[in-house]
Amino acid sequence: MWSYRRCNGGNRFTSFLGFFILLHLSLVSAQTTWKTLSGKAPTVVAKGGFSGLFPDSSQFAYLFALSVSAKSTILQCDVRLTKDLLGICLPSLKMDNCTDIAQIYPKGTSSYDVNGVSVSGYFPIDFNSTDLSQVSLVQSIYTRSDKFDSSLLPILAVQDIATKFKSPPLWLNIEHDAFYTQHKLSMKTYIQGIVKTVKVNYISSPEISFLTSISTVASNQTKLIFKFLDLDLLEPSTNQTYSSLLSNLTFIKTIASGILVPKTYIWPVSADNYLLPYNSVVLDAHKVGLEVYAGNFANDNYFSYNYSSDPLAEYLSYIDNGKFSVDGFVTEFPNTPSAAIGCFTNLNLTNKSHGKPLIISHNGASGDYPDCTDLAYQYAVDGGADIIDCPVQVTKDGILVCMGSINLIDDTTVAKSTFVARMSNVPDLQSGQGIYTFNLTWSEINKLKPQISAPLSMYKVVRNPRYTNAGTFMKLDDFLTFAKTKDLAGVLITVENAQFITQKLNFDIVSSVLKTLNTTGYGTPTSPPVTIQSTSSSVLISFKEKSPNKLSLLYTLNEEVSDADAASLSDMKRFADAVAVEKQSVFPLNHHFTTTQTKLVKNLQAQGFSVYVYVLMNEFLSQAWDYFDDPTVEINSFVQGAGVDGVITDFPLTARRYKVNTCQNLGNNTPSYMMPAQPGGLLKLISTPAQPPALAPLPVLTDSDVAESPLLTTTNQNAPPPSLASPRLSSGASVSVLIVALYVLFALV
């Protein structure tokens, strides 16, 4: 039998997951009937276990899949044969990227013909089971964490999955039968033997001849699944393309009970990665009695922009579209489809309950449309935001506008316009040059185009490129008028750089905001609630003193802290009703792993503050490993785990979907896939040699961090608008700016 090398990591892992397994309950989905072939809920198939996080087909991956996914989750093993005819689970025919074999056998490479192509590397057929007992699995996807590789996870045989994990439902994927035959190894013989000792629920293969050969060998309880590869590839035994075979599903039904297809067979995408109309694959297959399993799902894929970087939305499009439902998913992140099936179908997204958690937009729905444009605000409302926000800036002619940054370069196309000549250095605002809202009049700003934000541009991640420059800018009064007619819990106005605007531009921004609130009908006790947000305590104090009506005041902590001392809490109570905190002030990170949960939220709430966490984004690169590249897991961890009162997010629709899911308030019956992440849980699974160095603890907020000098008044109440007070170009900047300006002018000729 298969021998193991250094399995202490598995014991540590099992202990960590013990309470999860005890809580592992299956729920009946809110959807009582499904458009699957059987009418039952779709199945989740964990490809190599939870291979999106741990090395594919490892003990960690299989255990974790069983602990955080639906109870009915099926474990998939990609079977490869060794020299002594042992079936092992590996994600690839070669072991080069998924194991450390090159370190163990540096001279063990070979070159073989695989489907007519010469391939070089480490092949299992060159090693027997004893040889491979010295080899460990590693993470084969380089964008995923390699911290678990040091646990020296052994290669597993098919029998090991059955015995170590108490006979879970098992799916064997068999490929390259002709390759094994060429080397005098028989996959058919292997299957004949394994089904006598292991219950195999599914066997899939992209080779028709192989499925035909085992039809009399496999158990009656084993479903045979024909796996489709890329449409243009040739199926080796018939020499037909998979595209051709897809048009003859009646024939496929004679050899299989289902098909496994890449997800793009069902929902194709355009060249620029937007969804095209769905194909009839599922409907056609169901007509002839074939189940349909969709594959190639991973939360860290760059999937269609229509899904707003939300993997949950992608899964739902395959099961909750009103037209069809696939019969199962083959996925590297089995928790997300488990939640989609169990908690997120048939939701009433029009339910605009404004209870906790409060959903606050960040520059509107800025994950989908350019910041603070009419499109961003409308989509935030449509997506279920409770409060929409306007970060107020002032123009050269004294107009208050909603703009995500005082620097127009961040949110507009100004750098490509003739206004580039107005670039200036303003050290009070930022290092380096900028073109600021107070450098241009409102009419001049309207000659520019918005530019969608790209907070992860360093990774070449962009947002909704078809709408990069879509939408129109909004003045504060237009924003307030727009919001009055919507079903909202209120509006939020952010005021920053007030000392600079007051002193250097001679503009009283606090009084101007209050005047605009009054003229747009927000100055009465019965008007929609207004919240003022700022990182400046003096700004909030000024609003509190000057406003004739009650305003909610939100203090933003723009530094990472672990707690707040008594003096700072007492001081904040003078001017704030709520506090916004950064994500890492709640769950500090070390190498993108959460380390612990701070006391900050609890202690702020104990003093009567509502606490909101910012800024949540859907892109997986913005999230800790503990959230499984799933923004819904992140939201759940902050809401259920940390107990925050609301979230400030670029993607309000994702938060609204979470807010109305059907698995809330279940107490001890909450399914494991809807449990919040355990802070520091994954970090503890990393073996000691690979543990990242401990970080210094975050500082504690003190009164000196909070206290500020009072907001000064303008030097001349009758002063002209900020146009005449705009900072001049520094001499060092003038030459370079003029060169750029001349370039732009000539480019426009």
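Modeller: Let us begin with a term: a nonpolar core is a set of buried Ala, Val, Leu, Ile, Met, Phe, Trp, Tyr and Cys residues joined through side-chain atoms within 4.5 Å. Buried means under 20% relative accessible area, exposed means over 50%, and partly exposed lies in between, with a 1.4 Å probe and protein chains only. This is a predicted model, in which local features need pLDDT of at least 70 and side-chain atom pairs count only at pLDDT 80 or more, while totals for chains, interfaces and linings use all residues. Residues are numbered from 1 along each chain as its sequence is written, and side-chain values use heavy atoms, with hydrogens and water left out.

Colleague: OK, how many residues does the largest nonpolar core have?

Modeller: It has 183 residues, and those with the most contacts inside it are Leu 172, Phe 228, Ile 266, Ile 388 and Met 572. Helix 2 (residues 59-68) gives the most to this core, namely seven residues; helices (H or I, at least four residues) and strands (E, at least two) are DSSP runs, numbered from the N terminus.

Colleague: And what does Ile 266 touch?

Modeller: Leaving out residues up to four places away in sequence, its contacts include Val 261, Tyr 278, Phe 324 and Val 326, where contact means heavy atoms within 4.5 Å.

Colleague: Switching to cysteines, how many disulfides are there?

Modeller: There are three disulfides, counting as a disulfide a pair of cysteine sulfur atoms within 2.5 Å. In general, a disulfide is a covalent bond between the sulfur atoms of two cysteines.

Colleague: Which cysteines pair up, then?

Modeller: Cys 77 bonds to Cys 89, with 2.1 Å between the sulfur atoms, and this pair links strand 2 (residues 74-81) to strand 3 (residues 87-89), 12 residues apart. Cys 343 bonds to Cys 663, with sulfur atoms 2.0 Å apart, and here helix 13 (residues 335-343) is linked to the loop between helix 25 (652-659) and helix 26 (681-685), 320 residues apart. Cys 390 is joined to Cys 402, S to S 2.0 Å, and the torsion about that S-S bond is about -105 degrees, so the disulfide is left-handed.

Colleague: Is Cys 663 buried or exposed?

Modeller: Cys 663 counts as buried because its relative accessibility is 5%.

Colleague: Last topic: how much space lies in the largest pocket?

Modeller: About 1000 Å³. On a 1 Å grid over the protein atoms alone, a cavity is a set of points where a 1.4 Å probe fits but cannot get out, whereas a pocket is an open set with protein on both sides within 12 Å along at least five of seven lines, and lining residues have an atom within 4 Å of a point. Grid points are joined across faces, edges and corners, and a volume is the space filled by probe spheres set on the points.

Colleague: What lines the largest pocket?

Modeller: Its lining has 41 residues, and the closest to its centre are His 362, Asn 363, Thr 556, Tyr 614 and Val 615. Strand 17 gives the largest share of that lining, four residues.

Colleague: And the second largest pocket? What is the space in it?

Modeller: The second largest pocket holds about 890 Å³ of space, and among the residues closest to its centre are Lys 47, Pro 91 and Glu 332.
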